[in-house]
Amino acid sequence: MDIGFEKAGVEVVFANELVSDAAATYNANHASGIMVNDDVNNVINSLKQYEGVDLVFGGPPCQGFSVAGKMNPNDNRSKLIFTFLDVIKRVRPKAFVMENVKALGVLEKWKPIRRQYLEQVSALGYNCVPFILNATEYGVSQKRERVFFIGIKDNTDPFFEYCMNDLLLQQRIKAPTVRKLLYPLGRAGTAKNPETCTAKITFATHPIMRKSPYAGMYFNGQGRPINVDGYANTLPASMGGNKTPFVDEDYLYGDAISDWVVDYHKGLMSGSIVPEFKEAPKRLRRITIKEAARIQSFSDDYVFCGNKGAIYTQIGNAVPCKMAEAVANAVIAYMTKKTATV
């Protein structure tokens, strides 16, 4: 998220991260030394020194709200959206942006929490609206939907939601297909694209079928096949093993005329193929760290710290850089316009 906001022109003066590997990654890519690797609750009282800054942005852990998780409102991570507001209370920025999973923004289950959050925001003097965005509409080759709560201090603009929505629409840019995105890296195991996930791909003995060959569960593990002629599904933080998505490498690089997964799906649907518990063909392989990073719109020279599992987790947890940049551009444009009309 910091990459996107910095590209939009935001100067970061304070950064916080609990996980040491993620904090090390931040420091490896930022020479300013502003990262505080600690529980935010331990440093929150020191943030008063930043009172009046233009912007606070962040993405509190979302696992408690995610449909991919247990959706437990008592999960301690779920409470961090209100810790985020504790930061707002102390810093009193002109604006803030908080990112989270789409479920927090739309599910009836989370409506009481949404209401509580927005009521607290309003009590702090902010006009706040949640916006549901799809990463594919902002240059990211991934069907990742997220909610962005955007709040503006002392904002009485009755058209705020309309104006911000229009500014977000102006930031839209069509994402490249996965094939176009990954092809320049070369095959897995080459110098530019080291092989980093060796988890085997095996067939499920009792496949769960869907209409789309990319939506069913007919391989063991939760790693799903990627349609290289379209967009990847949301990359999970649990990547690194058999939850890592995979591609048909021969089809990706033009050595096969069709995607093996599509042909296998057709055979299962027609009954001409009987599912067996065995290893999938070698042409199917898990995506590499370099490929996962590209799908999240990181640059190829971005430095990640930690072991392979920790790096996959950091990539899966990230807000796509280009998506963050689009949101930042829209917020800055609104703030600039608001200031000019005061």
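Begin by selecting Val-97, Phe-148, Ile-150, Met-164 and Val-331, which, in this predicted model, touch the most other members of the largest nonpolar core, a set of 31 residues. Then colour β4 (95-101), β5 (126-134), β7 (145-153), α7 (160-170) and α13 (321-341), the elements that each give two or more residues to this core; α13 gives the most, with 9 residues.

Centre the view next on Phe-148 and display its surroundings: leaving aside neighbours within four places in sequence, its contacts include Met-1, Val-97 and Glu-99, together with Val-129, Pro-130 and Phe-131, and also Val-319, Met-323 and Val-327. For the second, separate core, which has 28 residues, select Leu-182, Met-239, Ala-292 and Ile-315, which are among its members.

Now show the cysteines. How many disulfides are there? The count comes to 0. The sulfur of Cys-163 is 16 Å from the closest cysteine sulfur, that of Cys-128, and is therefore too far for a bond, while Cys-163 itself is buried, at a relative accessible area of 18%. Cys-321 is buried too, at 3%, and its sulfur lies 15 Å from the closest cysteine sulfur, in Cys-305, again too far for a bond.

At the start of α10, a side-chain oxygen of Asp-259 reaches to within 3.0 Å of the backbone nitrogen of Val-261, and after the helix comes Gly-271, whose phi is positive, near 90°.

Technical notes. Residues numbered from 1 in each chain as written. Predicted model: local features only at pLDDT ≥ 70, side-chain atom pairs only at ≥ 80, totals over all residues. Heavy atoms only, no water. Polar contact = N/O pair within 3.5 Å; in protein donor to acceptor, adjacent residues only side chain to side chain. Helix = DSSP H or I, 4+ residues; strand = E, 2+ residues; numbered from the N terminus. Disulfide = S-S within 2.5 Å. Buried < 20%, exposed > 50% of the residue type's maximum accessible area, 1.4 Å probe, protein only. Core = buried A, V, L, I, M, F, W, Y, C linked by side-chain atoms within 4.5 Å. Contact = heavy atoms within 4.5 Å.
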